[in-house]
Amino acid sequence: MTTPTSDSPSEHDLAHLIEELDRFIDTVQTSIAEATLEPQDPTTPALQSADADLANWRHRGNQVLASLRQYRKRLAARHIHQLAINTTSTATTTARNEHRAGPEPDRSSPTPVVFPYPGMPHGDDWLDNLPAWFHNGRNGYDIRLVRDLAAVGVRTYGLSDLAKLPTIPPAIPVFLDWLEHLDDKIPGPEEWGRFNTAEHHKACIRGDLIRNLNDPAAQGNRRAIDLLARQLRRRPPLTGDIRYWGGLALTTIAGPTDFDLVATLISEQPPGDPVIAALLRFIGRHTRPEAKDIALAHLEHPHTRNFAIEALGQMKAPGARTVIKSYLDDPDPYTREQATKALAKLAD
């Protein structure tokens with residue numbers, strides 16, 4: 001636990017570090033998106049080799065981005081923990097003072113029941129005293145969305161913190177309304193990689209809304225299922241990490257009757273797409289012959305192989321032992337691990 005005498009960074013320091021990390025992630029993402037080759041004859045061997053090198057560089061860059069985002073999540077979780085400690089301390093002091101002063105008179109009001117979570121904003125004036133890092137209409141922070149969530153009892157300054165919670169039932173209708181009408185609420189184009197612009201702000205909002213629909217409270221919600229499917233079919237497509245989150249959200253909330261929808265979405269993606277990787281977890285919950293065929297079809301690509309192996313083990317696919325055994329000697333240790341786990345679930 002952080003104490004006043006510890007060397008742990010303060011709440012302000014953590015918030016500043018997260019903001020700086022957001023800028024760095026944005027710079028890296030912009031560099032990857034803008035990396036191109038000079039126009040040349042596409043049939044020349046030199047350009048073909050350069051294309052391959054650029055594709056490999058972009059792949060490695062996206063792996064670095066994923067690691068940076070994981071680090072940001074850990075920092076944000078630590079920040080929430082620090083806020084929770086400070087909030088608990090303040091609440092304890094307030095309770096003691098109220099106890100000494102005697103009970104407050106009854107002040108009934110129509111305000112909604114607050115949905116509690118560690119680190120949430122407290123105090124009657126939390127909406128009037130916005131933190132210094134909150135910039136309305138920039139980089140995913142929007143006071144209108146904050147007020148819409150507050151109206152249903154969910155106190156937050158940004159959607160990223162909510163994405164760490166296991167479930168937020170009262171917020172689901174707000175997420176759906178914003179995602180469904182985002183083009184009306186924030187008109188104009190959207191684009192990652194242009195920090196502090198309206199385009200970047202809109203892309204951040206869409207991405208966070210999709211991430212927050214990965215919530216068991218939305219299970220079986222037809223509106224949410226269809227809306228996520230439309231997001232995964234957007235053209236131009238969303239960025240890879242957001243598409244992966246959309247696939248995970250659909251895996252969480254879709255039911256058995258949505259198998260055909262999920263299978264169709266998988267068939268619409270190019271080989272190795274992150275949407276396939278996410279949706280294979282849904283496929284693994286089913287024992288239909290088509291489920292086995294889908295998983296087998298995505299064993300070849302390295303970006304979906306581990307998910308396909310996991311799905312085959314999860315569904316206990318008959319006759320899959322031989323093909324999975326071939327991955328026990330795979331160069332990738334994680335693939336070998338997944339193959340061993342899958343074989344343990346399959347009958348001889």
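In this predicted model, the side chains of Glu-337 and Lys-341 form a salt bridge, 3.1 Å from N to O. Both residues belong to helix H15, where they sit four residues apart, about one turn of the helix. Glu-337 is partly exposed, with a relative accessible area of 37%. Lys-341 is also listed as partly exposed, at 44%. Elsewhere, salt bridges that share partners tie Asp-183, Glu-190, Lys-202, Arg-206 and Arg-234 into one network.

Across the whole structure, a search turns up 21 salt bridges. One is between Arg-230 and Glu-180, whose closest N and O atoms are 3.9 Å apart. Arg-230 is in helix H8, residues 222–232, and Glu-180 is in helix H5, residues 172–180, so the partners are 50 residues apart.

Glu-268 has a relative accessible area of 36%, which makes it partly exposed. Arg-233, at 35%, is partly exposed as well.

Staying in that loop, next comes Gln-269. The loop runs between helix H10 (259–267) and helix H11 (274–283). Gln-269 counts as buried because its relative accessibility is 9%, and the limit for buried is under 20%. What does its side chain meet? There is a polar contact with the side chain of Arg-243, at 2.6 Å. Setting aside neighbours within four places in sequence, Gln-269 is in contact with Leu-232, Arg-243, Val-275 and Ile-276.

Now to helix H12, residues 289–297. Ala-291, Ile-294 and Ala-295 are buried there. They cover an arc of only 95° around the axis, so they are on the same side of H12. Pro-289 and Ala-297, on the other side, are exposed. Which helices do the buried residues pack against? They pack against H10, H11 and helix H13 (305–314).

Tyr-327 is in the loop between helix H14 (321–325) and helix H15 (333–345). Its relative accessible area is 10%, so Tyr-327 is buried. Not counting residues up to four places away in sequence, Tyr-327 touches Leu-299, Glu-300, Arg-305, Ile-309, Thr-335, Arg-336 and Ala-339. From Tyr-327 to Asn-306 the C-alpha to C-alpha distance is 9.8 Å, with the two 21 residues apart in sequence.

Last, the chain as a whole. How many helices and strands are there? There are 15 helices and zero strands. The chain has 348 residues, and 42% of them count as buried. Of the contacts between residues at least 6 apart in sequence, 69% join residues at least 24 apart. The accessible surface comes to about 18,800 Å², and carbon and sulfur atoms account for 55% of that surface.

Key
Residues are numbered from 1 along each chain as its sequence is written. This is a predicted model: local features need pLDDT of at least 70, side-chain atom pairs count only at pLDDT 80 or more; totals for chains, interfaces and linings use all residues. Side-chain values use heavy atoms; hydrogens and water are left out. Helices (H or I, at least four residues) and strands (E, at least two) are DSSP runs, numbered from the N terminus. Buried means under 20% relative accessible area, exposed over 50%, partly exposed in between (1.4 Å probe, protein chains only). A polar contact is a pair of N or O atoms within 3.5 Å; within protein, one must be able to donate a hydrogen and the other to accept it, and residues adjacent in sequence count only if both atoms are side-chain atoms. Contact means heavy atoms within 4.5 Å. Accessible areas come from the Shrake-Rupley method with a 1.4 Å probe; for residues, only the protein chains shown count as cover. The arc is that of the directions from the helix axis to the C-beta atoms. A salt bridge is a side-chain nitrogen of Lys or Arg within 4 Å of a carboxyl oxygen of Asp or Glu.
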